[in-house]
Amino acid sequence: MKRIYMDHSATTPVDPLVVDAMLPYFTESFGNSSSLHSFGQEAAEALYVARSQVADSIGAKAEEIIFTSGGTESDNIALQGVLSREAGKRQHIITSVIEHPAVLNTCSFLESTGHDITYVPVDSEGIVNADDVKNAVRGNTVLISIMHANNEIGTIQPIKEIADIAKDNNIYLHTDAVQSVGKIPVDVNSLGVDMLSISSHKLYGPKGVGALYMREGTRLNPILFGGGHERGMRPGTENIPGIVGFATASSLAKEHLDTDSKHMLRLRDSLIKGVFATLDDVRLNGHATQRLPNNANLSFKYVEGESMLMLLDMAGIAVSTGSACSSRSLHASHVLDSIGLEPDYIHGSVRMTLGKENSMEEIEYLVGALQETVTKLRQISSPAKC
Amino acid sequence: MYSKKIIEEFTNPKNVGIIEDADGVGEIGSTVDGDVITMYIKVDNGVLTDVRFKTFGCVVAISTSTMVTQLAKGKTVEDALAISNQDVQHALGGLPQGKDRCSGFALDALHKAIDDYRSKKVTI
């Protein structure tokens with residue numbers, strides 16, 4: 001059976017061009033970039049080029065890029081690093097209720113160690129209101145951390161507006177751009193952010209690598225200590241093959257952004273249109289237009305997400321759900337809860353996140369499979385629907 | 001992660017539906033929790049001659065529902081009440097770890113249907 005992958009917000013396949021770029025750095029140019037001999041210098045050169053590539057892809061300077069192990073680590077360095085640096089001074093952070101767990105759970109840890117966190121709400125379409133951020137600012141606010149695009153419902157947040165608030169109040173602004181890079185234009189200067197997290201494996205690069213953009217003049221303490229790599233912000237011998245792969249993926253994503261995002265948008269809109277044309281009691285979660293071009297998060301009344309996911313998987317289609325039964329924690333999606341979605345719609349949510357390799361034929365197959373799956377489960381579920 | 005038996009029961013559940021003139025109906029759960037199971041029973045001479053269900057829920061909720069109907073059908077009310085959660089899980093080839101939360105719901109719904117049947121009998 002042909003398998004169709006439509007869970008690109010979870011992870012993406014590594015682009016074969018990326019694999020090709022990485023391979024020499026495992027066996028031939030395997031040196032430690034800190035070594036003075038030629039092996040080390042090859043690694044140092046690769047690191048130098050990679051840093052420029054990643055910087056270019058987001059409009060940054062090379063020296064503003066810190067390579068990390070991925071989005072989670074980047075978020076942790078940004079949040080914990082600022083508070084650590086400002087110890088005894090400004091200790092209040094503003095974030096939102098729909099952040100990724102990498103931010104939310106770091107915040108709840110910081111709260112447990114005596115720091116103040118304000119969680120601004122989102123509206124019913126999953127968008128943060130910049131005025132709420134403005135009203136949350138206090139004299140001791142040091143950082144605002146609001147994601148660029150949400151991982152579940154794909155909503156794009158008003159980062160530019162929030163950047164003005166941050167600037168006016170001399171507060172650092174961090175954004176988790178793990179989901180947006182490669183799908184919409186991401187430029188650190190037009191966004192006006194001081195820090196930005198990126199993950200390689202969301203943009204057809206390898207897992208285990210990412211970056212934190214730190215605007216010149218941003219003062220953080222590291223959260224790891226060691227040999228002084230990455231300007232002391234992230235010590236540990238660099239993962240050169242991973243970094244080269246990440247940088248290649250970043251360049252490719254930037255180069256093909258326009259074509260890829262138009263392609264995904266066309267597929268996404270056909271998917272949504274197709275589902276609404278074939279099924280009743282469906283809703284689109286998140287904002288209709290202010291959302292990532294590859295994200296379709298739909299809720300189907302009278303069916304439960306995990307059951308749908310399993311039936312779709314049997315039909316060869318990989319998607320994800322915000323229902324409680326599918327998650328490790330047995331808690332339903334905090335994002336869908338935050339937009340005020342009724343519980344039965346939360347449990348019946350399915351997230352389809354498209355990629356550049358998906359085709360219109362696959363969308364047509366998916367629409368048919370969704371119709372079959374939902375109809376079958378509705379026959380089992382509601383007396384009203386039989 | 002699910003046993004072959006669970007997937008089989010989940011994909012082709014038996015005894016789905018309502019019994020219009022049921023002798024007992026039991027519903028448990030709420031859409032807030034994400035599982036709603038309704039069991040319908042038909043009783044003749046103390047024997048469960050028909051057991052049907054409607055379930056809004058996950059793979060475990062659906063597969064335990066159909067298994068409970070299959071185990072209970074043909075049994076006396078007393079024997080049906082003696083079916084344990086372990087019996088259901090065993091018949092399904094076991095449940096993955098962390099998935100036993102909703103495995104008892106289907107049995108609870110059956111018990112409620114039997115309670116309903118008994119309470120009606122008393123009033124008659």
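Predicted model: local features only at pLDDT ≥ 70, side-chain atom pairs only at ≥ 80, totals over all residues.
Residues are numbered from 1 along each chain as its sequence is written, while chains are lettered from A and ligands numbered from 1 in the order in which they are written.

**Chain A with chain B**
- Chain A brings 19 residues to the contact and chain B brings 17 (two residues are in contact if their C-beta atoms, placed from the backbone, lie within 7 Å).
- On the chain A side, helix H10 (305-314), helix H12 (343-347) and helix H13 (360-381) each give two or more residues (helices, H or I of at least four residues, and strands, E of at least two, are DSSP runs numbered from the N terminus).

**Domains of chain A**
- Chain A is assigned domain 1 (4-10 + 257-385) and domain 2 (16-253), with bounds from an automatic or database domain assignment.
- Taken over C-alpha atoms, the centres of these two domains of chain A are 29 Å apart.
- Their contact draws 20 residues from domain 1 of chain A and 23 residues from domain 2 of chain A.

**Strand E2 of chain A**
- Strand E2 (residues 65-68) is covered on both faces, with Ile65(A) and Phe67(A) buried on one side and Ile66(A) and Thr68(A) buried on the other (buried: 20 or more other C-beta atoms within 10 Å of the residue's own, C-beta atoms being placed from the backbone).
- E2(A) runs antiparallel to strand E8 (residues 210-214) of chain A, joined by four bridges (strands pair if DSSP finds at least two bridges between them).
- Ile65(A) has Tyr213(A) as its bridge partner in E8(A).

Terms used
Buried ≥ 20, exposed ≤ 12 C-beta atoms within 10 Å, placed from the backbone.
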